[in-house]
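Hello,

Here is the structure I promised to pass on to you. Please have a look at it first, and then read my notes below.

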Amino acid sequence: MNKQLKKILKKSRQINLTRQEKEAGKAVLAAHMRANPVRENTSGRLWILQRLFINQYLAKTMPIAVLLIIALSGGASLAAQGTEPGDALYPVKVSVNEQVRGWFTFSDEAKAELMTDLALSRLEEAEILATEGKLDSKTQAKLEQRFAQKIEAARSAMARLTANGKVDAATAITANFEAELAAHEQVLAHLGQNQGNHSLAARVSNQIAGTAALPSEVAMDDASTMMVEQESTTSGVSPAGHVISAAEGKIKAAGNKIEEVEKLLDRKNEKLSAELKFSVENRLKVAKELHTEARAQFAADVYGEAFTLAQEAHRVAQEAKIILVIQNETKIDINLPEAGRLPDMPTVDGRRVQPSPPDADTGSGVSGQVQGAVNAQINL
Amino acid sequence: MPGQDRMQKLFMRAYEQHSDAIFRHCYFRISDRERAQELMQDTFTKTWDYLIKGNDVENLRAFLYQTARNLVIDEYRRRKPEASLEKLQEEKGFDPASNDHKHIGESFDLEVLKEALDVLEEEYREVVTLRYIDGLKPRQIAKLLDQSPNLVSVRIHRGIAKVRQHLEKKEQDPNEQTA
């Protein structure tokens with residue numbers, strides 16, 4: 001672009017309203033807002049809205065440290081986070097609150113984590129609404145769209161991560177996402193069956209199926225490496241460090257998830273029915289057993305199996321968490337089938353389909369297996 | 001209700017922050033300062049109406065641009081097909097810089113730019129305005145217009161080339177009338 005054009009374009013940005021025009025506009029807007037008040041009574045929660053708005057507008061002018069304090073102080077995000085589509089505060093949650101989170105997210109790793117997290121939040125919202133019988137087709141379509149958007153954003157961040165050689169980080173995020181995705185699928189499928197609304201799980205799962213390739217692209221690369229290296233292990237050559245770190249990271253993530261759910265259960269314990277408590281405790285028990293086995297396999301240098309077991313532990317613990325979250329939000333118990341161990345996992349052509357290290361005999365990677373699992377569950 | 005008052009104040013902050021940009025966008029799209037002001041105002045009232053119903057807005061700035069864009073499109077439809085910059089100038093007197101620009105030189109430059117934008121086909125004018133006047137990135141424009149980033153980039157490139165061409169012609173012959 002030549003200099004003159006640049007200069008003119010720069011000048012064009014100086015076109016502003018005059019002070020009088022702006023003041024007049026504000027008066028008109030104020031009159032309009034008074035004539036058209038907020039329709040839903042958000043009672044005591046309105047103050048949260050204002051703080052969130054303030055956060056948004058201060059963001060451009062305030063130092064990050066100060067903004068961070070504002071964003072993290074008090075229960076603003078908590079209350080807005082608890083909203084679902086249809087609530088007065090839901091637009092705030094997705095338009096302001098989640099954006100504020102995005103402002104503090106700089107690295108591709110953090111971005112990918114945040115985006116997968118937000119994608120899963122949409123599934124959680126779908127589950128809560130479905131449990132309450134409020135998931136209409138319009139809301140469902142919106143949630144699907146938002147889910148896809150977050151996945152797309154995560155995909156970009158993941159691509160940058162792998163391009164920058166951070167395969168370990170990408171694999172860890174992938175594995176965590178897949179474990180939690182699998183748990184959500186189980187819940188959605190169950191909710192769909194219970195309510196005769198098979199399309200619920202099918203449609204959301206279809207979305208998942210369409211996007212599951214995201215993390216799996218990375219996982220597949222990693223899985224292929226693991227496969228080769230597992231073979232190397234059997235021939236007496238040490239596996240590469242990143243295989244060990246993948247298994248180690250997965251064990252740690254599963255441990256953290258179990259701990260998180262235990263704390264949640266502890267907090268909600270008194271409010272739960274005996275059946276629900278049993279269901280959650282049983283899942284936690286299974287998850288812990290799997291986790292212990294995973295650590296044992298890791299200690300025995302069987303890293304692939306350790307990874308698989310830890311991934312399962314993560315999934316089962318996540319199921320327990322979802323049950324608790326739904327109960328907390330809706331006061332309705334959902335009775336999922338008992339927690340499945342490895343032999344009960346969905347199979348495709350008689351083969352295990354949960355995220356796992358690749359089978360050396362077929363050369364298939366995590367990606368195909370996960371995709372298979374998703375597709376298998378869609379057919380309710 | 002005190003909550004309502006506070007919400008109004010907060011939305012007013014949004015107005016403070018984005019009204020100039022939305023006004024500028026409308027202004028460079030429809031070549032009419034007064035009408036651009038009205039469209040900007042409508043953009044905010046419609047957004048308020050949308051928000052208070054508990055509707056979903058993922059990104060406030062993008063939503064405002066989207067609303068403004070729809071209003072501009074409606075404006076085009078409402079206008080007679082023969083409406084053009086020249087006619088507007090005849091009817092209203094074209095005053096791109098209004099009284100908030102101090103130098104005659106600036107005013108002239110902006111007039112030339114407006115003229116260049118005005119001869120652009122709408123598909124180019126929109127993306128050039130969004131890119132160079134509003135400062136949006138191509139991927140943000142693509143999202144806003146629901147078009148592929150590639151298509152948007154191509155249009156920006158072609159559009160700005162046309163603007164440059166116009167400016168060069170103008171430089172060579174300042175009195176030349178644009179078709």
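Let me begin in chain B, where helix α2 (residues 33–52) packs against helix α3 (residues 60–78) at an angle of about 130°, their axes lying 9 Å apart. Axes here are lines fitted to C-alpha atoms, for helices over the stretch in contact, and angles run from 0 to 180 degrees between N-to-C directions. The pair α2(B) and α3(B) is therefore oblique; angles under 35 degrees count as roughly parallel, over 145 as roughly antiparallel, 65 to 115 as roughly perpendicular and the rest as oblique. Their crossing is right-handed, meaning that the near helix is turned clockwise from the far one by less than a right angle. On the α2(B) side the contact involves Arg35(B), Leu39(B), Asp42(B), Thr43(B), Lys46(B) and Thr47(B), and on the α3(B) side Phe63(B), Leu64(B), Thr67(B), Ala68(B), Leu71(B), Val72(B) and Glu75(B). Two residues are in contact if their C-beta atoms, placed from the backbone, lie within 7 Å.

A word on conventions: this is a predicted model, in which local features need pLDDT of at least 70 and side-chain atom pairs count only at pLDDT 80 or more, while totals for chains, interfaces and linings use all residues. Residues are numbered from 1 along each chain as its sequence is written, and chains are lettered from A and ligands numbered from 1 in the order in which they are written.

Staying with chain B, there are eight helices and zero strands. Helices (H or I, at least four residues) and strands (E, at least two) are DSSP runs, numbered from the N terminus. Of the 179 residues in chain B, 37% are buried; that term requires 20 or more other C-beta atoms within 10 Å of a residue's own, whereas exposed means 12 or fewer and partly exposed lies in between, with C-beta atoms placed from the backbone. Among contacts in chain B with a separation of 6 or more, 60% join residues 24 or more positions apart.

Another helix pair in chain B is α6 (residues 122–133) with α8 (residues 149–172), packed at about 95° with axes 8 Å apart. That angle is why α6(B) and α8(B) count as roughly perpendicular. Residues meeting there include Val128(B) and Tyr132(B) from α6(B), and Ile156(B) and Ile160(B) from α8(B). In the loop between α7 (138–145) and α8 of chain B you will find Asp146(B). Its phi is near 55°, a positive value in a residue other than glycine. Asp146(B) counts as exposed because it has 7 C-beta neighbours inside 10 Å.

Now to chain A, which has 15 helices and two strands. Of its 380 residues, 45% are buried. For contacts between residues at least 6 apart in sequence, 75% in chain A join residues at least 24 apart.

The largest nonpolar core has 62 residues, and Ala294(A), Ala306(A), Ala313(A) and Ala317(A) have the most contacts inside it. Such a core is a set of buried Ala, Val, Leu, Ile, Met, Phe, Trp, Tyr and Cys residues joined through C-beta atoms within 7 Å. Helices of chain A that each supply at least two residues of this core include α7 (108–131), α9 (167–194) and α14 (303–330). The most comes from α9(A), with 14 residues. A second, separate core of 48 residues includes Leu29(A) as well as Tyr15(B), Leu113(B) and Tyr132(B).

How do α7(A) and α14(A) pack, and at what angle? The angle is about 55°, with the axes 10 Å apart, which makes α7(A) oblique to α14(A). The crossing is right-handed. Among the residues that meet are Ile128(A) of α7(A) and Ile322(A) of α14(A).

Chain A has a positive phi to look at too: Asp301(A), not a glycine, has a value of about 65°. Asp301(A) sits in the loop between α13 and α14 of chain A, and counts as exposed because it has 12 C-beta neighbours inside 10 Å. Its C-alpha is 8.5 Å from that of Ile244(A), although the two are 57 residues apart in sequence.

Best wishes
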